[in-house]
Amino acid sequence: MNLQPLLEAINDRNVVSGLTHNIYRYPARFSPLFARAAIETFTKPGDTILDPFMGGSTSLVEAIALGRHAIGTDINELSVFLARVKTSVLSKKAVDNLESWAEVIAPELSPRKPVQRHTHWKELGYQNNMPWRFRKIAEQAINHAIDLLDEEVLEAARCIVLKTMQWAVDCKKALPTAAAFREKIVDDARIVARGLHALRESVKTLGGKRGWAEAYLTATDEIDNVNCEALKKKRPKLIVTSPPYPGIHVLYHRWQVLGRRETAAPYWITASNDGNGGSYYTFCDRRRDDHDAKYFERLQRCFTAIRKVVADGCVVAQLVGFCRPDEQLPLYQAAMKAGGFEEFEKTTDQAFWRSVPNRKFYVWLRDSTKQTKELLLLHRAT
Ligand SMILES: C[S@@+](CC[C@H](N)C(=O)[O-])C[C@H]1O[C@@H](n2cnc3c(N)ncnc32)[C@H](O)[C@@H]1O
């Protein structure tokens, strides 16, 4: 088996791009080249792949562009929302309408104008810590989208607001002006439209051999209870995934505004539900003394459930970040084995490791190692 394309892909240093990958910067995304190389190495057109921790749905997008069927699950409703938008194959007319909508509404967006408030989301606390100017602008943009757009593109329009709002407030020391926001939302609409056009064109070239994607909200330890006909009919032959990383905190569910003030605004903008703390999305609170024990217990439960829904011999290609690889890797391997997956390619070679590029990671500082490294692990269902 030629693993060279896969090894080259994990060390690719380019920013995530192409197809609909640029629609939103979901934290800790892996490279589409990695997903593509894994899919091409281990499956044929028409096969089913599964990503049980799909995050920004990188693997789902690559799968359908390659004529595979893809099933993705995640515990985060924001991830399921993104999967729907990023894998929907919209008509040219619908995408053009979306772009025109942004051009029409941009000049209307102003913190000085009155707006019909999103009281439901405010009461849930999802607007807390949002700077009032941008809260108002987002409400205006979403209200216009609800008034002007058909259902099929409404979620894509919410995604444009999400993308521009992330640019405006997340991890920014100073906030942009409303005028800069107006320009940026038009640019972002073009980027989203370009991605959706590219996905449609790419799928078109497959002719009758098109794939499809389905996304479900579930904790992976309960994946065997998901009501997914496709999963029952044709079991996945490949899992391409990145579970939460042991001891490494990633903020999947919040933006950080002006320093460390956190906002749940992504859920309000996408009309999704949150209501959970950070540990909900990372297996376990990194500050607990028994973090590792809890983490690996959960990991094992997840892979035990996954084993029940995949084909015998199903390959798992995963990129996992470790802050203490010497201690954590043997525990990781033990959890995989107990879950029903055997390593088939020894990954001790340096070629399987990659240093993590400039990512928004929060390594548990109790550890001396602040450097995170990711490892490609290859297992097979026994
Ligand atoms: C490293 S991210 C995946 C990123 C993805 N590979 C991408 O390219 O965007 C891990 C994901 O696991 C999800 N997750 C965490 N705990 C989970 C659980 N118990 N069940 C399902 N998903 C979970 C998180 O919400 C997050 O989206």
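Predicted model: local features only at pLDDT ≥ 70, side-chain atom pairs only at ≥ 80, totals over all residues.

Me: Let us begin with a single residue. Is Y267 buried or exposed?

Reply: Burial is judged by counting neighbours, and a residue with 20 or more other C-beta atoms within 10 Å of its own is called buried. Y267 has 21 C-beta neighbours inside 10 Å and therefore counts as buried. Y267 lies in helix α11, which covers residues 265-269.

Me: Which residues does Y267 touch, leaving aside those up to four places away in sequence?

Reply: The contacts of Y267 are then L78, Y126, S272, N273 and D274.

Me: How does one describe the packing of α12 and α13?

Reply: One considers the angle and the distance between the axes. Helix α12 (residues 291-307) packs against helix α13 (residues 325-339) at an angle of about 30°, and their axes are 8 Å apart. Because angles under 35 degrees count as roughly parallel, α12 is roughly parallel to α13. The crossing of α12 past α13 is right-handed.

Me: Which residues meet there?

Reply: From α12 come D292, F296, L299, Q300, F303, T304 and R307, and they meet L331, A335, M336, A338 and G339 of α13. By class, this contact comprises seven nonpolar, three polar and two charged residues.

Conventions: Residues numbered from 1 in each chain as written. Helix = DSSP H or I, 4+ residues; strand = E, 2+ residues; numbered from the N terminus. Buried ≥ 20, exposed ≤ 12 C-beta atoms within 10 Å, placed from the backbone. Contact = placed C-beta atoms within 7 Å. Axes fitted to C-alpha atoms, helices over the stretch in contact; angles between N-to-C directions. Parallel < 35°, antiparallel > 145°, perpendicular 65-115°, else oblique. Left-handed = near helix turned anticlockwise from the far one by under 90°. Nonpolar A, V, L, I, M, F, W, Y, C, P; charged D, E, K, R; others polar.
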